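Work through the exercises below with the model open. Try each task before you read its solution.

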Amino acid sequence: MTIRESKSGPFALLEIGGRVDSLNAEALKAGVEELGRREARILVDCRALEYIGSAGLGALLVLLKLVRKQAGTLRLFGLSPHIAEVFTIAGFDKLFAIFPDLESARQAVT
């Protein structure tokens, strides 16, 4: 798993790549907890995400709760068809704002 943070205009940009499973989801959770306390406008780049298990979904849910507590914005983009299917099966497609690419995520009015 790779995690990288940067800025994209007024948003914090969190890039997640590789496999997020029960072996490394705690590292993701720790990173997103710190980010979610510091930033209220976050874009999550999932283009390099190959796999996400329930523990990884739980880490993203922690981030969503932190952002909502600040009345902020959390948008995911670049989900592969397989990752999008995981989100749909888990019902997370109804919780998260999901966009096809960075530009549509940045410009969305939600």
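Two strands count as paired if DSSP finds at least two bridges between them. The model used here is predicted.

**Exercise 1. Find how β2 and β3 are joined, and how the chain gets from one to the other.**

Solution. 
- Count the bridges. Four join β2 to β3.
- Check the direction. The two strands run parallel.
- Pick out a pair. E15 has D45 in β3 as its bridge partner.
- The chain leaves β2, passes through α1 and reaches β3. This β-α-β crossover is right-handed.

**Exercise 2. Which strand is joined to β3 by five bridges?**

Solution. 
- The strand is β5, residues 73-77.
- β3 and β5 run parallel.
- In this pairing, V44 stands opposite L76 of β5.
- Now look at burial in β3. Four of its five residues are buried, so the strand is mostly covered.

**Exercise 3. Which residues of α1 are buried, and what covers them?**

Solution. 
- Buried means under 20% relative accessible area. In α1 these residues are A25, L28, V32, L35 and G36.
- Look down the axis of α1. The buried residues fall within an arc of 95 degrees, so they line one face of the helix.
- Turn to the other side of α1. There E26 and R37 are exposed.
- Find the cover. It includes β1 (2-8), β2 (11-20), β3 (41-45) and α2 (54-69).

Key
Residues are numbered from 1 along each chain as its sequence is written. This is a predicted model: local features need pLDDT of at least 70, side-chain atom pairs count only at pLDDT 80 or more; totals for chains, interfaces and linings use all residues. Side-chain values use heavy atoms; hydrogens and water are left out. Buried means under 20% relative accessible area, exposed over 50%, partly exposed in between (1.4 Å probe, protein chains only). The arc is that of the directions from the helix axis to the C-beta atoms. Contact means heavy atoms within 4.5 Å. A crossover is right-handed if, with the strands pointing away from the viewer, the path from the first strand over the helix to the second runs clockwise.
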